[in-house]
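Have the structure open while you read.

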Amino acid sequence: MARRKWSWVHLIGIAIAVILCTGACQSAENTPNATAPVSTIPVTLNGTGASFPLFIYERIFGEYRQTVDPNVQINYQPTGSAAGIQQLITNTVDFAASDIAMTDAEIAQVNAGVVLIPMTGGTVAIAYNLPGIESGLKLSRTTLVDIFLGRLTQWNDPAIAATNPNIVLPDLPITLVHRSDGSGTTATLTAHLSAISPDWETQVGTGLNVNWPAGVGIKSNAGVSAQIQQAEGAIGYVEYSYAKKLGFPTAALENQSGQFIEPNPVTGGNGLADIEIPANLRAFVTDPTGAEAYPIVTYSWILAYATYQDATKGEAIKAVLQWGLSEGQTFSEQLGYVPLPADVVTKALAAVERIQTS
C-alpha cells in the first residue's frame with residue numbers, strides 16, 4: 001500500500017492533535033485515582049526542554065489537571081534538551097526537562113540549586129521511508145555508523161543488502177536527517193555510535209550538538225519526523241513514541257549480542273536494565289549487554305529547582321512530580337515509553353522530597 005505523503009505543517013498538526021486527544025480520549029476506567037492534594041488557588045507552571053518525553057509529559061500534566069487538581073495549569077514547550085537546561089540556568093522557567101542529566105558545572109550556575117528527577121525511559125528509533133518496505137529492515141552496527149558518517153549513499157548498497165536478503169532494496173539515494181538543535185536524543189544516539197565505532201568517536205564524538213558529517217539538520221523530534229515522512233529514501237532518528245504515533249517503520253538494530261532488535265517499551269526496558277541508578281540519579285548506558293536489549297536507550301529527567309521562592313509553585317511542582325512518578329507511570333507503555341522500574345521510582349520520589357520552598 002502506498003504511503004500517503006503529508007506536508008510539514010500537516011504532519012506537525014497531526015502530531016499536536018494526537019497529543020491533545022490522548023488525554024481527552026482516555027476512557028474513565030483507565031483514569032488513575034486522585035491521590036494528590038488540591039491547590040486552593042490557581043497556579044501556572046511553565047516548563048521547557050526535551051521533545052523526547054513530550055507525549056508522556058503532555059499526558060501526565062493533562063490528566064493531573066483533569067483528575068486531581070483543576071487549579072494547576074502546566075505549560076510545556078518541547079524546545080530541546082539544551083534549551084531546557086539553558087532556560088533553567090537563566091531562571092526563565094519553573095522547571096525544565098532533558099534526556100541528558102545536567103553536569104555539575106551547569107548545576108553550579110543555578111542559584112536556587114537543582115534537583116534531577118528521572119521521569120521516564122525510552123528508545124531512540126531509526127525511522128525510514130522506503131516505498132514498499134513497511135517493516136523488516138535490519139541494520140548492522142557497521143552499516144548504522146556508515147550511514148550516519150555518509151559512507152553509504154544508496155539504499156541498495158551491498159553492505160545494507162547483506163543483512164536484508166529477503167528485502168528488495170530500492171535504487172534510491174539515502175537522505176539522512178538529523179537534529180539541528182541541541183538535543184538529548186542526539187546525545188543518546190551519538191553516545192551509542194561512539195561506543196560501537198572508534199571512527200565515529202574520533203571523527204564526530206558525542207553531545208547535544210555535533211558536527212554532522214552528512215545529512216540535513218531539522219529542529220525537534222517532530223521536525224525530523226515530518227522530514228522523513230515527506231521524502232522517499234529518508235532515514236533519521238526519533239524517540240520511539242513519535243514513530244509509534246505516526247506509523248513509521250523502524251529498523252531492527254544489531255545489539256552487542258549480535259541480535260537484531262526492534263525498538264519498543266519491552267526491548268527498551270531490557271536495555272535500561274543495565275543501568276544502576278546512583279545517588280545523584282545520573283546514569284546512562286551506551287551499549288546494553290542483554291541479548292534482548294534494544295541498543296539505544298535513555299532515561300529522561302525533569303530538572304526542578306531545589307528551592308522555590310514562590311511556595312505555591314514549589315508545592316504544586318512537588319505534587320505533580322509525585323503523581324507522575326506513581327499513577328502517571330501507567331501511561332508509559334501505551335505511549336511508547338518505558339515505565340520506570342520500582343527502585344528508580346523510589347529514588348526519584350526521595351529526590352522530589354528534597355525540593356524546598358522559602
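**Helix H12 and its surroundings**

At the start of H12, a side-chain oxygen of Asp310 comes to within 3.0 Å of the backbone nitrogen of Thr312. Keep in mind that this is a predicted model, where local features need pLDDT of at least 70, side-chain atom pairs count only at pLDDT 80 or more, and totals for chains, interfaces and linings use all residues. Residues are numbered from 1 along each chain as its sequence is written, and side-chain values use heavy atoms, with hydrogens and water left out.

**H12 itself**

- H12 covers residues 311–325, and its 15 residues reach 21 Å from first C-alpha to last, close to the 21 Å expected at 1.5 Å a residue (the expected span is 1.5 Å times one less than the number of residues).
- Among the buried residues of H12 are Ile317, Lys318, Leu321 and Trp323 (buried means under 20% relative accessible area, with a 1.4 Å probe and protein chains only).

**H12 against H14**

- H14 (residues 342–352) packs on H12 at about 175°, with the axes 10 Å apart, so the two helices are roughly antiparallel (angles over 145 degrees).
- Lys318, Leu321, Gln322 and Leu325 of H12 meet Val345, Ala348, Leu349 and Val352 of H14.
- By class, that contact has 6 nonpolar, 1 polar and 1 charged residues.

**H5**

- Helix H5 (residues 141–149) is largely enclosed by the rest of the structure, because 8 of its 9 residues are buried.
- Those buried residues include Arg141, Asp146 and Phe148.
- Just after H5, Gly150 has a positive phi of about 85°.

Notes. Helix = DSSP H or I, 4+ residues; strand = E, 2+ residues; numbered from the N terminus. Buried < 20%, exposed > 50% of the residue type's maximum accessible area, 1.4 Å probe, protein only. Polar contact = N/O pair within 3.5 Å; in protein donor to acceptor, adjacent residues only side chain to side chain. Axes fitted to C-alpha atoms, helices over the stretch in contact; angles between N-to-C directions. Parallel < 35°, antiparallel > 145°, perpendicular 65-115°, else oblique. Contact = heavy atoms within 4.5 Å. Nonpolar A, V, L, I, M, F, W, Y, C, P; charged D, E, K, R; others polar.
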